[in-house]
Amino acid sequence: MRILNLGILAHVDAGKTSLTERLLHLAGVVDEVGSVDDGSTQTDFLPLERQRGITIRSAVVSFVLDGVTVNLIDTPGHPDFIAEVERVLDVLDGAVLVVSAVEGVQPQTRVLMRTLRRLRIPTLVFVNKIDRAGADQPRVLRDLADRLTPSIVPMGGVRRAGSRDADFTPYPSTDAGFLAGLTERLAEHDDGILARYVDGVPVPYPRLRAELARRTGQALVHPVYAGSAITGAGVDALVDGVRELLPAAGGAADGPVSGTVFKVERGPAGEKIAYVRMFCGAVRVRDRIAVPGAEPAKVTAISVFDRGTAVRADSVGAGRIGRLWGLAGVRIGDPIGVPRPSPGGRRRFAPPTLETVVLPVHEPERGALHAALAELAEQDPLIDLRQDDVRQEISVSLYGEVQKEVIQATLADEYGIEVGFRESTTICVERLVGSGSAVELIGVAPNPFLATVGLRVDPAPAGAGVAFRLAVELGSMPPAFFKAVEETVRATLHQGLHGWRVPDCVVTMTHSGYWARQSHSHGVFDKNMSSTAGDFRNLTPLVLTSALAGAGTSVHEPLHRFRLELPAEALGAVAPVLARLSAVPRSCTAHGSAYLLEGEIPAARVHELQRQLPGLTRGEGVLDCAFDRYAPVRGTPPRRPRSDHNPLDRKEYLLQVVRRTGARRAGG
C-alpha cells in the first residue's frame with residue numbers, strides 16, 4: 001500500500017485542524033467530526049490547545065484513503081510556534097496549504113508557501129470556509145496568484161459562496177476554460193505541450209492530467225481546491241487530488257537505515273519518546289542506534305500510527321513514521337542511521353527575535369524551574385535556555401508573547417511551578433568587522449594553562465554559520481584536545497564583544513601545543529605537569545575573545561519587512577509615526593481609495609506600530625510583518641549582560657575558572 005506523509009499548514013484560524021477532523025471522519029477513523037471550539041479534536045490533545053483553540057505542538061494521525069495510507073501531521077498556525085512547523089518539513093512527502101476564503105492570503109500563508117516552494121515540497125492549496133459570510137473565491141484566487149505564486153491551477157468553481165449550501169464543483173474534462181488555463185500553465189514546463197499550445201493543437205486530457213501530477217510532484221505547479229471543513233463541501237475533491245497528485249513516500253525497505261527525529265516528548269514515567277520518519281531500511285526493537293553526541297542505545301519499544309491511533313510494533317520501516325523508546329540522548333534533528341541531506345539547509349524560517357527572563361514566583365523552586373525548562377527545551381530547542389549563574393537568572397528565546405503565555409501555563413499545569421517574566425527584549429547579533437588573531441603559548445606568561453592555542457577569525461556571509469578549520473597538523477596533538485577547542489569556540493561565540501551571539505564566521509586554529517603525560521621519578525601521573533582537555537577549554541575563550549577584539553564586531557538588530565494597507569486619508573497621520581519608529585517605506589502604491597506601503601521596520605518597533613495603527617486608521621489598517629534580515633544598529637549599540645564566564649576581563653575570568661573547577665594553575 002502506498003504511504004504518504006502529508007502536512008497540513010496554514011495561518012492561524014484558517015481551519016486546518018477542522019480539515020484534519022473532516023479527513024479523519026471521511027476515512028472512518030472518527031464517527032463524529034471534532035470541534036476546535038469545543039476542544040474535541042483528535043490532534044489538539046494538550047489541555048492548553050483545547051482551552052485556547054490553537055495548535056501548539058505538531059501531532060501525527062494515520063488513516064487510509066482510497067488505498068493510500070496517509071500519515072497526516074497537523075502543525076501550528078500561529079507564528080509564535082513556527083519552530084514546530086520547521087521541524088516537520090524534513091519529513092513531508094507533500095502538503096496541503098489551507099487558506100481562508102474570507103481573509104485570503106495572510107502573513108503566515110506567505111511565509112509558509114515561500115518555504116514550501118524553496119524546499120520543493122509538492123503542495124495543494126485548499127481554500128476553506130466557502131460557507132462563511134464574505135467568502136470570495138475569485139478574489140482569493142487573484143490573491144494567491146499575486147501574493148503567493150502565479151503557478152496555481154484552479155481545479156473547480158464555487159457555487160452559493162457565503163451560505164450554508166456553498167459547494168465546490170470540480171471542472172469537467174470538457175470545460176474549455178479549464179483546459180485552456182491548464183494547458184497554458186503546463187506549457188511553461190513542457191516543450192511538447194508548449195509547441196501544441198502555440199500551434200493551437202489541443203492536448204489530450206489524459207496527457208494534461210498526467211503532466212499535472214508530474215509537475216505538482218516537482219512543486220512547480222499548485223492545484224487549488226475549495227470547500228468547507230465544517231460542512232464537508234469540496235473535501236472529497238481534495239482527497240482525490242491528494243491521492244492522485246501528491247507523490248508517495250519512497251525508500252528501500254531493505255536498504256541502509258536512514259531516518260530523522262522531528263519531535264521529542266516525555267512519557268508518563270518521564271522517559272524520552274522520539275518521533276522518527278524513516279526514509280530507508282527499518283529499525284527494530286532491540287536494535288542499537290547511534291545518535292550524535294551520545295553513546296549507542298538500544299531501542300526498547302516502537303509504536304507506529306495506524307487508523308487514528310498509535311499501536312505497538314516490532315519495527316518501523318521505510319516511508320513510515322514511528323515512535324521510539326530507549327534513546328535517552330536523542331535530540332530533535334538527530335539522524336537515525338545514515339544522515340539524509342537536508343534540502344535548503346537546516347534553517348527554514350527566521351530565528352526567534354525576542355528573549356525574556358523567567359522568574360519563579362517561589363524562590364525555592366528555582367532549581368526545579370531550570371530542570372523543567374530544560375525538558376521543554378528538548379521539545380523546542382529554539383527557546384535556547386540560558387543560565388546566568390552570577391545574577392541567578394534563566395533566559396529563553398521567543399517568537400512572540402503568546403509563546404510566553406504557553407510556557408507559563410505549561411510550567412504551571414505540568415510541573416506545578418508558577419513563574420513570571422521580565423519584559424521581552426529584542427535579540428541582536430554581532431558580525432565581524434574584519435579579521436583578527438591571537439595566540440597564547442604554553443609556558444609563556446601570562447598563559448596559566450598547559451596548552452598552546454592560536455586562533456584567527458574571519459568574517460563569513462550571513463547565514464553561513466560557524467566554520468572551524470585547522471591550519472595545524474591534525475596529528476600535532478590528541479584528537480580530544482582539538483575537539484575541546486572546537487566545542488569551546490562554538491560555545492564562546494554565543495557571546496561576542498557586546499554580549500550577543502556571533503552566528504557567522506570562520507575560526508581557524510593557527511597554533512597548537514601541549515605537554516604529554518608526565519610524572520615525578522618513580523611516581524604516578526601528575527596532572528599538574530601534563531596537559532588535559534580542561535586546559536584547552538579554559539584557554540580557548542581568552543584567545544578567541546582577543547581575536548574577536550582584534551577583528552572588531554558590530555551589533556545588528558532584526559529588521560522586519562512590512563506591508564501596510566490603509567485608507568488614503570490616513571496616510572498623513574501614519575507617515576510621521578513610521579518615521580518616529582525608524583520604519584523605512586520602500587514603496588507606496590495607490591489602489592483606488594487606499595494605499596499600499598511596503599518597507600522595513602526594526603523588530604523592536606513592530607509591537608508599537610501594531611498598537612497605534614487601529615487609532616490612526618479607524619481600524620481599517622492591515623499590517624503584515626515578517627522577519628527579513630539583520631541590519632547594523634544605528635547609534636549606540638545595545639549591550640547584553642554577560643554570563644559568569646567573561647573572558648573580556650582576564651582577571652575576573654581566571655577567578656571564575658578557579659571557583660568553578662578548583663583549577664590547579666588558573667591563577668598563574
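**Exercise 1.** Find which residues touch the most other members in the largest nonpolar core.

*Solution.* Start with the term: a nonpolar core is a set of buried Ala, Val, Leu, Ile, Met, Phe, Trp, Tyr and Cys residues joined through side-chain atoms within 4.5 Å. Buried means under 20% relative accessible area, exposed over 50%, partly exposed in between (1.4 Å probe, protein chains only). The largest core holds 76 residues, and Leu6, Leu19, Leu92, Val96, Leu144 and Tyr225 touch the most other members. Helix H9 (residues 235-245) gives the largest share, six residues. Helices (H or I, at least four residues) and strands (E, at least two) are DSSP runs, numbered from the N terminus. A separate second core has 32 residues, among them Leu432 and Met509.

This is a predicted model: local features need pLDDT of at least 70, side-chain atom pairs count only at pLDDT 80 or more, and totals for chains, interfaces and linings use all residues. Residues are numbered from 1 along each chain as its sequence is written, and side-chain values use heavy atoms, without hydrogens and water.

**Exercise 2.** List contacts of Val96 beyond four places in sequence.

*Solution.* Contact means heavy atoms within 4.5 Å. Val96 then meets Leu6, Gly7, Ile8, Leu9, Leu19, Leu124, Phe126, Leu238 and Val242.

**Exercise 3.** Explain why strand E2 (residues 59-65) counts as largely enclosed.

*Solution.* Count first: six of its seven residues are buried, so the rest of the structure largely encloses E2. Next, its partner: seven bridges join E2 to antiparallel strand E3 (residues 68-74). Strands pair if DSSP finds at least two bridges between them. Ser62 stands opposite Asn71 in E3. Last, the turn: two residues separate the strands of this hairpin, and Asp66 takes a positive phi near 50°.
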